[in-house]
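Student: I would like to learn how to read the features of a structure such as this one. Could you take me through them step by step?

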Amino acid sequence: MKKITMIALAGILALGMASDIIAQRVVILHTNDTHSQIDPDKNNQGGVLRRKVLIDSVRAAEPNVMLVDAGDAVQGSLFFTLFDGEVEQMMLNKLGYDIQIVGNHEFDNGLTKLAQQYATAEPTLLATNYDFTGTPLEGMFVPYVIKEAGGKRIGFIGINIEPRGLIDSDNYAGLKYFDSGKTAEAMARYLKENLAVDKVVALTHIGFNSSKVTDDKDIAGETSYIDIIIGGHSHEGVYPGNPNDLPTAVGNHDGRPVYIAQMGKAGLLLGEITIDFDKPEGEQVSRRAIPVNDRLDSRITTDDIALLAPYRSRVDSISAIEIGTTAGEMISGSDELSNFLSDWVKSRGEKIAGRKVDFGLLNRGGIRNSLPGGTLTQGNIINMLPFNNRIVVVDITGDKLLELMDIIAGQGGQAFSGEVSGRYDRKNNKMVSVKINGKDIDPKRVYTVATIDYLQRGGDSMFPLTESTLIARSPNLLYRDLIEEFTDGDFKGKTVKGSPKPRLTPVK
């Protein structure tokens, strides 16, 4: 594994003032939340080999190029489900990434498997506010990296998200987390005052704009020593001219601009930040988003295609197995797909427990992809529900259930089966009204709920579920149970669809 804290860049190509300008110009290419999107998506956008061609073209034009990734390079396609991060890390190495940080999904298979993946990593692994001492990842990460170019020094730090309530507790056991904002400011200050860096770049995986946790805008506004933030986690397009008109610069504690960038998700964009130290202070940083599409496909080499061929063959073989039919496309994030899956979790839970269940509950964030209209394959199901979750049936008291409902209200609702109806006030984290089978929740009654083990362990901050009593647990992963439902269960030979009617609605 490449362990560097300082890299000497290419020398001056020619004498004179023009060469000084070139040597002091640094280009940072960046990605985030590529989520195992090795191939182009259904709209023929993205793809890791196309990204490589773009990166190579920038390197051919610029002498001083850094390539960095802001986390969640994994989870989201069969390439991760089948090969546990091997393919994604191979491609990060092949594309010549200089630095990578962890996102929350890097932990999906636990620390031991993550350490096995990182044993082959060639980029520098960067983590400033995570301490891996005593875990399988001990010794693999550095707290900062310094890059030199033409006498100028750029320091990189890595800031990661609070794992509690987001990552399965079993999957990060032993990791010590330090406050993201305080750690970022302390390390940035150390780099500037003690190690004399000229710019500090924070690679973050905490999200761009959140009202509930520290985010990129908070760190930018509350610190004094960070110049650029390259972020991830929230899947937003943060770049000049972005379609959602998101701000790309935030004044810091002293009023100076901190430039923020994030490239959405799935590797559809390649970010480019240019730092030209020859220009005046306020004009040194420029940014753009480069679409990853088919315009340079002719430059993809046969060697690179061959590198992925053995993995793609197995992915394609799984994807080709037809198991069922839908009445029409069900979009990820839609009520139709959420309702279809939560209804199924409830009915499947009753089979597993051998008793009546009051309702089913899923987290919308666990539904990663849409289901196509028409023929369904095993690959469609695995891509939609890729996590190592299992259906569980639990008993929970009504008072704890009311606490859970308020948490879900603050999240903007989750996926409930048809037995649940209600209205929520997201701003005030309050379920204004909620009924189960047409009745108000009785704080003294015990309710039986079908959900997944990730939520039962407090995932997605559903901490009241940790105080429930486990009744039954499926022996199969979630996607395997659903595949079985199509091949040998209630969905066999049927055309399925979900109800489009919302079961929770926001107050106005």
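Tutor: Let us begin with a definition: helices (H or I, at least four residues) and strands (E, at least two) are DSSP runs, numbered from the N terminus. By that definition the protein chain has 13 helices and 29 strands. Please keep in mind that this is a predicted model, in which local features need pLDDT of at least 70 and side-chain atom pairs count only at pLDDT 80 or more, while totals for chains, interfaces and linings use all residues. Residues are numbered from 1 along each chain as its sequence is written, and side-chain values use heavy atoms, with hydrogens and water left out.

Student: What radius of gyration does the protein chain have, and what would a compact globule have?

Tutor: The radius is taken over C-alpha atoms, and the globule rule is 2.2 Å times the number of residues to the power 0.38. For 508 residues a compact globule would come near 23 Å, and the 24 Å of the protein chain agrees with this. Along the principal axes, the C-alpha atoms fill a box of roughly 80 × 50 × 45 Å.

Student: How many of the residues count as buried?

Tutor: Buried means under 20% relative accessible area, exposed over 50%, and partly exposed in between, with a 1.4 Å probe and protein chains only. Of the 508 residues of the protein chain, 54% count as buried.

Student: How is a pair of aromatic rings described?

Tutor: It is described by the distance of the centres and the angle of the planes. Rings of Phe, Tyr and Trp (its six-membered ring) pair if their centres lie within 6.5 Å, and planes under 30 degrees apart count as stacked, over 60 as edge-to-face and the rest as tilted. The count here comes to 10 aromatic pairs. One of them, Tyr-118 with Phe-141, is edge-to-face, at 5.8 Å centre to centre and 75° between the planes. Because Tyr-118 lies in helix 5 (residues 111-118) and Phe-141 in strand 7 (residues 141-142), the pair ties together parts that are 23 residues apart in sequence. Tyr-118 is buried at 0% relative accessible area, and Phe-141 counts as buried at 15%.

Student: Which residues is Leu-477 in contact with, leaving aside its neighbours within four places in sequence?

Tutor: Contact means heavy atoms within 4.5 Å, and on that basis Leu-477 touches Asn-388, Asn-389 and Arg-390. Leu-477 lies in the loop between strand 27 (469-473) and helix 13 (478-488), and counts as buried at 17% relative accessibility.
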